[in-house]
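Me: Hey, I've got something new open here and I'd like to talk it through. Could you take it slowly?

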Amino acid sequence: MKNIKRYSLVGLIMVIFSTSCGDDFFDINTDPNLPGEASVQLVFPAGTAISGFIIGGQYQILGGIWSQHWAQSVGASQYANYDSYDIQSTTLDARGYGELYNGALNDLKYVRDQALATENWNYYLMSTVISAYTYQVLTDLYDNIPFTDALQGLDGLVQPKFDEGTVVYDGLITMLDEALEKDLTVATSIPPGADDIIFGGDMDMWVQFANTLKLKIYLRQVNARESVASAGIQALYQDANFLAADAHMTQFADELNRRNPVYETEVDFSGFPNLVLSNTLLTYLDNNGDARLDALFNFPNDDTDGPHVGLIQGNFRAQTPTNKDGLSQPALAPLDPIYFISEAESYFLQAEAIVRGYGTGDAKAMYEAGIDASFAKLGLTPDATLYAAGGAYEFPATNTGDAQIKAIIEQKWVSMVNSQGLESFFEQNRTGFPDFYTVAVNNVTAGNFPRRLLYPDTEISSNKANVPAQVNVFTNVWWHK
Amino acid sequence: MKKVLLTLFLASIMLGAFAQERQISGKITDSQGEAVPGANVIVKGTTIGTTTDLDGNYKLSVPGESETLVFSFIGMQTQEVAIGSRAIIDMSMSSDVQQLAEVVVTALGIERDSKRLGYATTTLKNEDLTKGRSISPLNALQGKVAGVNITQGSGQPGSSTNVILRGMSSLGSNNQPLYVVDGVPVNNTQLTTNTVFSNGDFVGGIGSQGLNGGLDFGNRGNDINPNDIESITVLKSASATALYGSRAANGAIIVTTKKGKKTATEGRKFQVDVSSSTVFQSVLRLPDFQNTYGQGFFGTTDPTEQTSWGPKFDGVVRPWGEVVDNSQLIKPYSALPNNVKDFFNIGKTFTNNVAFSGGTDYSTFYMSYSNTNANGIFPTDADSYNRNTLSFRANSNLTDRFTAGFSANYVKKNSSFISTGQNSATYDELLQTPRDIPVVEAKNFNDPFFNLDNYYSYYSVNPYFVLNNNGNEFNEDRVYGNMNLNYQVSDAVGVTWRVGGDVSNSQLSTWRAILQPTPGSPNDGISSEDPGAVGEQAFHNFEVNSDLMVNISVPLTRDIDFGGLIGYNVNMQRSDANYASVAGLDIPGFYQISNSSASPAVTQSTVERNIVGAYAQIDLDFRDYLFLTVGARNDWSSTLPKENRSFFYPSVNTSFVFTEALGISDNILSYGKIRAGWAQAGNDAKPYQILPVFVPAGVSDGFRSLNFPLPGGTQVNGFEVSNIIGSPDLQPEITTEIEVGFELGFFQQRLNFDVSLYDKSIKDLIWNATLPRSTGYTAQTVNLGEITNKGIEALMTATPIRTGSFQWDVSVNFTKNDNKLVSLTDGLDEITLGGLGGNGVNLIARPGEPVGLLNARGPKTTDDGRIIVGSDGKPVYGEREVMGQAAHDWTAGLSTGLTFKGFTVSGTLDVRKGGLFYSRSASLTQFSGTSVVTQYNDRKPFIVPNSVQEVVDGDNVTYVENATPITQDNLYSYWNDGGMDKDEAHVLTRSFTKLRELSVSYNLPSNVVSKTPFKQVRLALVGRNLFLWTPSSNRFADPESTTFNDGQGLSSSFGEFGATPSTRSYGFDLRVTL
């Protein structure tokens, strides 16, 4: 009897313990620190800002140098590899290519999927436009990229195959068309607000952005697939509804990690030792008496009256001046916007479409509107004398010898200084304008200009079976002239 | 305290004065009949006693009422003899053969006779742990235990100790053992920046990245006061730890604390032990500096340079530094061989400890207080460690059948740590200081010549400014303890409930001063300009552990005893952290989050993990020489998916004492045992690796970031899809280990061998496998691959000489572990575990090779091994190559002790052979021209030996003899790249030998002590890490130095990134027993 008492006590204790450990005891593996769900209103600005941060940040520096707007300064060497075309498979790998896929595109895919499932066509269009915009940058830099297989890691597709550039381009048009066909007015289409960090919720502008992006995609193919370009653009001109304003992001503040990324890293973090005015740009603007030069660059040695001093492209080992203080530096500011497509760019795209006969309208007017918009972008009063008859930038009467195209792209080139260097680099690749680039002094490419980036290390090491064989940095991409 | 001493003192005088006395004498011999000098003879229950002389004779006056004499001597069995009416008492003492057959504390605090164990254990007693007066009980194990690799990260006081048992066994989870105090697991979190700022993922904070200002406030396993420890037992194999469940898959460190002494039986109420030690620290290893070339660049003088690429020293007195108010300092242009060494102070560590203990046959208590106060070798107290511990334990037999125990420990720590790495870190600056710059003269950082504006180099900051103005301070209050209830239901059945808790509240404050030279001053625009920053983190840790066990012990037959155990374990862990930081301070010297116009970064984190285990064990004992133990445990862990939550693992081990079975008891082979064991152990995942999540949006270019919320009229917040795909199919890692071994004792246990062979395999490793970025993700948490550790551990202990008063003991241990990553998932042929990232030196793993390989780029070479140089004559980088494993090939320890009368001299030598580590000290001193290797060829132009240039013509590659020399123009960049070996020059051999411990102690003879109020007095000179020997190729750093400390053990094997130098320590120690 005594023993029974004892054993039952033991039993009771064990029962108390075992019952306290039911499923609830173990169901604590939902991370309390991170949400399991997030609305499209929270994820869309993340994906968009990341795309802007990369393209308007490190890619902008690369593009600025390769567009011969900027040169690597003397006495420093952060971007000497860009300015000597010494590109490795590690260059802009995880922080460029990687961040665009697993940062921007991955988030935008989530928004697209959610928007599609809920017939939220506003967000569907917005996320599609930024996705297409980002994909185009990737394929223009790398040629073949994962596209049809991309972004499906969650579904178990962990070795995406690479698609050719034409497949990507056609896919982008299809994506955009599909999103444009949707009825944005249905009740399930939630109106965006401040989380639309490009247009603040103006869906008409998004339609224009989509159309202008399509125009850009088609024009890029004029050399490689002229018929695709002409047919596509002609169809666009049924409405001719293009951007007449900047598609840009302006949400910056002058405090740590909230500034324009080039300013944040190059000016605030590094102390601005690396980027200076390239002689190529200096000569052009100087020769043409272009007032934009003084707005785009600061005089050397903090002078107030110049003159500007540029550096021969790639001459970062020059012995004089001994440091950047003797050279003109780009006038960057913490709140500089990041431009996806600028107003000026839209006009120049339209001008070219008209010159090529795919679009209708007044090419000269579009060209001049582009120059005016470029001045306005810098806070300058447009200077009509520059493109007036006899002016330095007068629009050629005919396109003989691509004269009109040359004028348009040169002006596009100038309009993109300090802000859209990468796009300017692509356009030079496509058109050959400006045609007065000087090959960088210390180039490692036997005098060849760079045309692309190398397939990145992270992709090669983890997706070996699919990454195409590495080619030289001076190998043309498919749409190249 | 004073009062107590006085009372005791008076009591002893009174006893002496009033007792009637009589003389007793005699001779003590050993079993061979030889005299035993120096043996103790004490009247039981008193402090009256003496020691035998050289011939083994003693004489003693004893009080009239004395009943018993106690004879004792090291290595011999203590014996008690009734005095009766005898005046002559001779004694023959026998050697203590029970020393081997000692009682070992095994898993769950179960005490077992060591001969029953089917696996290897090593136990170190308090004496071994406190000999060198290390403030860390774990460091005191270094070199003394086979199969255990123990390293301390740096010389800063209180820094972490990494303990790895039998090789690395996990890629993504913890490799460190479980720490158990008195049967209850305790927290061993390493308070390094990677774990301080969040549990699991690195959240970040000011100056906290591994390369830029890593911090290390030590691991909590080092909180235990070494004086409170009775013994530490190292359980290395799965067989030994299986009952502890998943958390002990990497082995366990079992700490048993001191219990109260039953002083009443000796006629005293209690005993007081007091100890006090003062230990000094000095730098153990600095790089070998050159003393031929001074400040400058391109071979010419440059007074603003922070490199030693200047001209040869000529001794001519010249001005140096900046011109301030039209004046300038002067000094001879000559080397200051000790300019770095002189920067360091002598560190001081004071440890004081007092313990009270006492009790009766029924109840005992133990109380102690200790204070350890260390100030490291850097000037200022920016590297300091202050630990106070207060412990109380009591045990009581409440009834014949019911016993209860209680233990509580309070630890208060307050420590400061100097940032390491490359971000204005002090040691980093020192290594670059030109060989002629008298850095100690810059002590007054407000002096016009040494202030921020004018400090000599545009490329550095006065290290005294950094030490005095920046800081990292850590405060922790921790309480841990347990309660033990045991009820013996009947002779055969007992029930034990043991519940323990471990709670800590911690706060970390870090701050960086505004570092802004006056605009227009010489140093305006330096790259280290800093707007100042402050960060505060509060974190809280909670753990509770409960074990309910039923023991059964019955004889089955006359020959077989049966022991059984079933138990139920519940373990709950929770940690919370809140962190805020802000950069850009408004008021200088005021370190509060409010002191900035910028928005503070704020994060919070909570991590919970629950584990339940049920276990059972059966012990069979056949005639006390053949033993079999079969065990099993099932765990349920909250961190695994519901379907895989439950996992089971069995174990079996056997031990056969053949000397007893075969009746061997000759004087040659006195003890022989063989043993074998097989066991499995499971290891769960980290929390939160199953379900998909979103993370706060943000993006970085590697330098700066874009943080959310985005500013503007309406702030826009953002979340991103997490880049790591959780795994809904995650399985536990399962370790399977087989171990065999033998123990042999010869010559009455004067020569003993203990050898183990083991083969451990860990399957289903949990790892974040890299995915191509184009999948939209960076990694997926998966089970992949297998690691094996195969090795041998051998221990020899010997007492070559034992004559009367002289004894010489020697112990040698040897360990060789072969680690191998057997496989990874298909298609994955390499993973990166840590290192510098990108093209730098990295720690990687490849199937078929050891886990933790150093991978670096050497020079590009031709097929026949000639070095290919570029047009500048400098070697061109080749492909990255595996240089070898990080882990040692083998390790050995040698301990010896000499005892003569009251003197004991003991020492430990720690020998570790093979392995590689990365050294930033090597890289930095070559970059800055301070390393002795940069004197090559007198710095005159030279052609890289055996070099060629590549001529490419289409697909046709030919080589021509290189004729382009390295000149002053690119000499610095040649050395910056590592010279001829490129990055491989920064990967050094990990081999070293250290004189870990050396101590000389003296126990005052009892006939002297007996005239004092004290029972025992011991004086000692102690030293630790007194000498370090490394192969001549390592002229840069202590191979033990570690910077990459993620608290899990694997990444820290990469090497040092400006880790502050390790130290040697030496001092004295006084211990008194009242």
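Me: Good. And what sort of model is it?

Reply: This is a predicted model, where local features need pLDDT of at least 70, side-chain atom pairs count only at pLDDT 80 or more, and totals for chains, interfaces and linings use all residues. Residues are numbered from 1 along each chain as written, chains are lettered from A and ligands numbered from 1 in the order written, and side-chain values use heavy atoms, with hydrogens and water left out.

Me: Back to Thr736(B), where is it in chain B?

Reply: Thr736(B) is in strand S39 of chain B. Helices (H or I, at least four residues) and strands (E, at least two) are DSSP runs numbered from the N terminus.

Me: What does Thr736(B) touch, apart from neighbours within four places in sequence?

Reply: Its contacts there are Trp678(B), Ala679(B), Gln680(B), Asp759(B), Lys760(B) and Ser761(B). Contact means heavy atoms within 4.5 Å. Thr364(B) is 372 residues away along the chain, and the two C-alpha atoms are separated by 42 Å.

Me: Zooming out, how many helices and strands does chain B have?

Reply: Chain B has 10 helices and 57 strands. Its radius of gyration is 32 Å, close to the 31 Å that the globule rule gives for 1074 residues, so chain B is as compact as a globular protein of that length. That radius is taken over C-alpha atoms, and the rule is 2.2 Å times the number of residues to the power 0.38. The C-alpha trace spans about 100 × 70 × 65 Å along its principal axes.

Me: How much of chain B is buried?

Reply: Buried residues are 58% of the 1074 in chain B. Among its contacts between residues at least 6 apart in sequence, 70% join residues at least 24 apart.

Me: And chain A, how many helices and strands there?

Reply: Chain A has 18 helices and 8 strands. Its C-alpha atoms fill a box of roughly 120 × 55 × 45 Å along the principal axes. Of its 481 residues, 59% count as buried.

Me: Which residues have the most contacts inside the largest nonpolar core?

Reply: They are Tyr59(A), Trp66(A), Trp206(A), Phe209(A), Met249(A) and Tyr367(A), in a core of 147 residues. Helix H7 (residues 121-142) of chain A gives the largest share of this core, 14 residues. A nonpolar core is a set of buried Ala, Val, Leu, Ile, Met, Phe, Trp, Tyr and Cys residues joined through side-chain atoms within 4.5 Å.

Me: What's around Phe209(A)?

Reply: Beyond its neighbours within four places in sequence, Phe209(A) is in contact with residues including Val129(A), Ile130(A), Tyr133(A) and Phe340(A). There is also a second, separate core of 33 residues, which includes Val324(B), Ala442(B), Tyr456(B) and Tyr464(B).

Me: Next topic, Ser457(B): buried or exposed?

Reply: Ser457(B) counts as buried, because its relative accessibility is 0%. It is in the loop between helix H5 (426-432) and helix H6 (463-469) of chain B. Not counting residues up to four places away in sequence, Ser457(B) touches Thr304(B), Glu305(B), Gln306(B) and Asn523(B).

Me: Where are there cis peptide bonds?

Reply: One runs from Phe433(A) to Pro434(A), with omega near -5°. Pro434(A) lies in the loop between helix H17 (421-431) and helix H18 (457-462) of chain A. Another joins Phe708(B) and Pro709(B), with omega about -5°. Pro709(B) is in the loop between strand S36 (705-707) and strand S37 (719-721) of chain B.

Me: What about Phe747(B)?

Reply: Phe747(B) has a positive phi of about 50° although it is not a glycine. Its place is the loop between strand S39 (733-746) and strand S40 (751-770) of chain B. At 43% relative accessibility, Phe747(B) counts as partly exposed.

Conventions: Buried < 20%, exposed > 50% of the residue type's maximum accessible area, 1.4 Å probe, protein only.
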